[in-house]
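Me: I'm new to this one and would like to get my bearings before reading anything else. Could you put it up on screen and let me ask as I go?

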Amino acid sequence: MEHHSLCCSLQILTQHINTITELIISPCHCFAVLLVACVATLYAACRRKAPIYLIDFNCYCPPSSYRLPLAMFEENQFYDGMDPEAVAFQCKIMAKSGFSELTSISPSLAQIPKIKALSFALEEAETIMCSVIENLFEKNKINPKTIDILITNSSVFCPTPSLSAMVVNKFRMRSNIMSFNLSGMGCSAGIISMSLAKDLLRVHRNSLALIVSTETLSLNWYTGKVPSMLLSNCLFRMGGAAILMSSRVQDRHKAKYKLQHIVRTITAQDDESHGCVYQQVDPEDKEGISISKSIVNVSGDALKKNIASLGPLVLPLREQFLYLFSIICRKMWSTGRISIYTPNFNHAFEHFCIHSGGRAIIQAVETNLRLRKQDVEPSTMTLYRFGNISSSSIWYELSYIEAKGRMKCGDRVWQIAFGSGFKCNSAVWKCVCDMKPDTATTWRDTIHSYPLDILRTN
């Protein structure tokens, strides 16, 4: 009995000791768990990618005095002493270009004789860039000193000091602003600038970025007679855009779009792609941009590679399955009668902004992606109204969609840009606000006139 009593007493004593130990250790244990949880939460917050917003953008609308109708184009080229065959070739291309009589060039190029001078190129760049930035800042009540990141891009015109330095000077921006100037990147430079801005905004959180995309024509007008180099005179026109991006939390309520994806593709490892759009001198030592006949095929190949990376990010599982299944079937049966399935991109996007590089480019993308006429309408109308405005064209197209009142909250838009190198770049945005038709855009005076049946009018 005594032994049993002693055992019971020892058990009770052990229980009390354990209870006391738990009371002592428990607060320490809880604190340790809480500390680990806090560290894990902080780590997850740091690792989480900051959302990137598009607050607003603004496109340049040249005054009517800068217009270049076909008759004026032909007359100027003829009286400027250009080879008659070269003039006839350009007029033939212009007639099939899909351009209206409203596309514009720099006033210096409308003079007889044409004046190609650095001063005119600087004046053209300043006119376009300062105009779009001023309008963007005024509309959104932005103080230039609040801009943390500045990125400018102009493919061929690269003066010293840079265009980004010119913007800093004109708007008296901060001395510690992160400024960049991109050149030689072709018509896809706009999305490359966005990609750079995205990376910088995620590293430097709670920041504001300004991107300015343009192309200067004054020094790049070709005066020789090589057909492949004359094409640039027929395609490129005056334009530019300013884009305001942010990673600031307070901007999410006034932002128009949220960035979903940026996918960049370059095919410069292939000689044909690398030389497809090339700056060179002709046998008469006249400088210009040569555009190869293979540009449509090169663009198609670059687009396929770009879609191979973008598709898994945006396409529904059903479309991805059908695409993979068609590839497997074709490889198993090795017959040309089984075609590879083209995914329906209308299941992934409500709107498309295809770089208005030319009618052939737009039609090729429309055919290869099996898009509807209304899907390529913004690109076709931008080409018709403004011409090929290089890296800023995708913003004119987005502006067209907004001006038509077609953008709704939750809609997804795919911007596709092609450029020398050869490059194909994509940006995907999601509308995050209830969009109303914008009456203050570059389309404000003519939006009611579109769309037009370009095939009948040209």
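Me: Which residues does Met173 touch, leaving out those up to four places away in sequence?

Reply: Keep in mind that this is a predicted model, where local features need pLDDT of at least 70 and side-chain atom pairs count only at pLDDT 80 or more, while totals for chains, interfaces and linings use all residues. Residues are numbered from 1 along each chain as its sequence is written, and side-chain values use heavy atoms, with hydrogens and water left out. Contact here means heavy atoms within 4.5 Å. By that rule, and skipping neighbours up to four places away, the partners of Met173 are Phe137, Pro144, Ile147, Leu150, Val167, Val168 and Leu210.

Me: Which residues touch the most other members of the largest nonpolar core?

Reply: A nonpolar core is a set of buried Ala, Val, Leu, Ile, Met, Phe, Trp, Tyr and Cys residues joined through side-chain atoms within 4.5 Å, and buried means under 20% relative accessible area, with exposed over 50% and partly exposed in between (1.4 Å probe, protein chains only). The largest such core has 73 residues, and those touching the most other members are Met173, Met194, Leu210, Met245, Trp395 and Trp429.

Me: And which helix gives the most to this core?

Reply: Helices (H or I, at least four residues) and strands (E, at least two) are DSSP runs, numbered from the N terminus. With nine residues, the top contributor to this core is helix H5 (residues 118-140).

Me: How many residues are in the other core, apart from this one?

Reply: Among the members of that separate core are Met94, Trp221, Leu303 and Leu310. Nonpolar side chains tend to be buried together in soluble globular proteins. The other core's count is 42 residues.

Me: Why does Leu244 count as buried?

Reply: Leu244 sits in strand E5 (residues 240-246). Its contacts beyond four places in sequence include Tyr53, Leu136, Ile147 and Leu208. Leu244 counts as buried because its relative accessibility is 0%.

Me: How far apart in space are Leu244 and Ile133?

Reply: Along the sequence, 111 residues separate them. In space, going C-alpha to C-alpha, the distance between Leu244 and Ile133 is 9.4 Å.

Me: How many bridges join strand E6 to E11?

Reply: Two strands pair if DSSP finds at least two bridges between them. E6 (residues 257-266) and E11 run antiparallel, with Tyr257 standing opposite Cys431 in E11. E11 (residues 423-431) is mostly covered, eight of its nine residues being buried. As for the bridges from E6 to E11, the count is nine.

Me: Which residue in the turn between E10 and E11 has a positive phi?

Reply: E10 (residues 412-419) is also antiparallel to E11, through eight bridges, and Trp414 stands opposite Val428. E10 and E11 make a hairpin with three residues between them. In that turn, a positive phi of about 135° belongs to Gly421.

Me: How many residues of helix H14 are buried?

Reply: H14 spans residues 393-403, and its buried residues include Trp395, Tyr396 and Glu402. Just after H14, Gly405 takes a positive phi of about 75°. The helix is mostly covered, and its buried count is 11 of 11.

Me: Which residues lie closest to the centre of the largest pocket?

Reply: On a 1 Å grid over the protein atoms alone, a cavity is a set of points where a 1.4 Å probe fits but cannot get out, and a pocket is an open set with protein on both sides within 12 Å along at least five of seven lines; lining residues have an atom within 4 Å of a point. Grid points are joined across faces, edges and corners, and a volume is the space filled by probe spheres set on the points. The largest pocket has a volume of about 1200 Å³. Of its 46 lining residues, the closest to the centre are Leu231, Leu235, Phe236, Ile291 and Ile295.

Me: Which element gives the most to the lining of that pocket?

Reply: Its buried residues pack against helix H2 (70-79), H3, E7 and E8, and seven of its nine residues are buried. Giving six residues to the lining of the largest pocket, it is H8.

Me: Which element gives the most to the lining of the largest cavity?

Reply: The structure holds two cavities of 30 Å³ or more, and the largest has a volume of about 80 Å³. Its lining includes Asp56, Lys139, Ser399 and Asp438. H14 and strand E1 (53-59) are the elements giving two or more residues to that lining. The one giving the most, with four residues, is E1.
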